[in-house]
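Here's a quick tour for anyone opening this structure for the first time. Keep the 3D view handy as you read.

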Amino acid sequence: MRVVLLGPPGAGKGTVAAALVAAYGVTHVSSGDLLRAAVAAETEVGRKAKAFMDSGRLVPDEVVVAAVVERLSQEDGRRGFVLDGFPRTAPQAEALDQALAAHGTALDAVLALEVPEAVVVGRLTARRTCEQCGRIYNLQTLKPAEDGVCDACGGRLIVRPDDRPETVRKRLEVYARQTEALVHYYEGRGLLIRVGAEGPVETVREAAVAALADAAS
Ligand code: AP5
C-alpha cells in the first residue's frame, strides 16, 4: 500500500499515520520528521532546512525531494508506505510520481484530512511531542499518563519550535498558498479520498483505516 496523507498543519497526519502503520504494517515516512532529525544531527540537509522550518516556510523542493526519495528507496519503504507531509508542492508531487514509476509502482490513494483552521490552531498549541521516539500527545485530547513523560519510551515531551502561535499562522498561510492545490491535483487523478478529521482522535483514526479498506476492496 502506497498512501499520501494531505492536510493542513495540525490536521492529524502524524496521528492518523500511526493508526495506518498499526492497521496495515506500512512504513511511516514523515518529511517533517526526516528534516527535524537532520537539523538535530546538524547534517548538510539540516543546515539548509533549519531557517525555513523555524519560520514556518517550506524547505526548498530539491532538499526535501532528495531526502524523501532516498528514504523511500530503502527496503522497508519499497514494501509500502504512508507519506506524511510530502508532497507539498507540484514539483514534489511530480518527483514522487517519477521516483515510484522508476521502480514500476505508483500511489494507491491520497487521504485528505479536512478540518477547520480554528480547530488546528487549538490542537497545535496543545501538542507535545516525545523528543526521543516522536510519539505525539495533546494536553487536551491525548494526555500522557505522567505529565511531561512519554508513555511509550519515558522520553521528555517537548513543544515543537514551530508550534509558536505566530509560526503556526505562517504555516497555515503557506499551506493555503502552496499545498492545498494538491487536493485538486490528486482528485483529478482519481486518487483522492476525503476524510473528515474534526472529530475525536479515535473516530478519525477509524475513519481513515476504513476509507483505505474500502479503496482497496
Ligand atoms: P511537518 O512536520 O510536516 O508539519 P505539518 O505538516 O505542519 O504538520 P504537523 O506535524 O504540525 O501536524 P499533523 O497534521 O501531523 O498533526 P498531528 O498528528 O501532529 O512540517 C514541519 C516543517 O517542515 C514545515 O513547516 C516545513 O518547514 C518543513 N517541511 C516538512 N515537509 C516538507 C515538504 N514536503 N516540503 C517543504 N518543507 C517541508 O496532530 C496535531 C495535534 O493534534 C497533536 O497534539 C495531536 O495529538 C492532536 N490531534 C490529532 N488528531 C486529533 C483529533 N482528531 N482530535 C483532537 N486532537 C487531535
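What follows covers the ground rules, the nonpolar cores, the ligand and a few backbone spots.

## Ground rules

This is a predicted model, where local features need pLDDT of at least 70, side-chain atom pairs count only at pLDDT 80 or more, and totals for chains, interfaces and linings use all residues. Residues are numbered from 1 along each chain as its sequence is written, and side-chain values use heavy atoms, with hydrogens and water left out.

Helices (H or I, at least four residues) and strands (E, at least two) are DSSP runs, numbered from the N terminus.

## The nonpolar cores

Let's start with the largest nonpolar core, which has 28 residues. A nonpolar core here is a set of buried Ala, Val, Leu, Ile, Met, Phe, Trp, Tyr and Cys residues joined through side-chain atoms within 4.5 Å. Buried means under 20% relative accessible area, exposed over 50%, and partly exposed in between (1.4 Å probe, protein chains only). Leu83, Leu96, Leu107, Val110 and Tyr186 have the most contacts inside this core. At least two of its residues come from each of several elements, including strand S1 (2–6), strand S3 (81–84) and helix H4 (61–72). H4 gives the most, with five residues.

Take Leu83: leaving out residues up to four places away in sequence, Leu83 touches Val3, Val4, Leu5, Val29, Val68, Leu72 and Leu96 (contact means heavy atoms within 4.5 Å). Another core, of 22 residues, lies apart from the largest one, and Leu20, Leu111, Val195 and Ala208 are among its members.

## Around the ligand

The ligand has 37 residues around it, and the closest are Thr15, Arg57, Arg88, Arg127 and Arg171. To be near, a residue needs one of its heavy atoms within 4 Å. H2 gives the most to this shell, with four residues.

Some atom pairs are worth a look. A ligand oxygen atom is 2.7 Å from an N or O atom in the side chain of Arg88. Taken alone the ligand exposes 1000 Å², and the protein buries 97% of that.

Most residues other than glycine have a negative phi, and most peptide bonds are trans. Glu42, not a glycine, has a positive phi of about 55 degrees. Glu42 sits in the loop between helix H2 (31–40) and H3. The peptide bond from Phe86 to Pro87 is cis, with omega near 0 degrees, and Pro87 lies in the loop between S3 and H6.

Key
A polar contact is a pair of N or O atoms within 3.5 Å; within protein, one must be able to donate a hydrogen and the other to accept it, and residues adjacent in sequence count only if both atoms are side-chain atoms. Accessible areas come from the Shrake-Rupley method with a 1.4 Å probe; for residues, only the protein chains shown count as cover.
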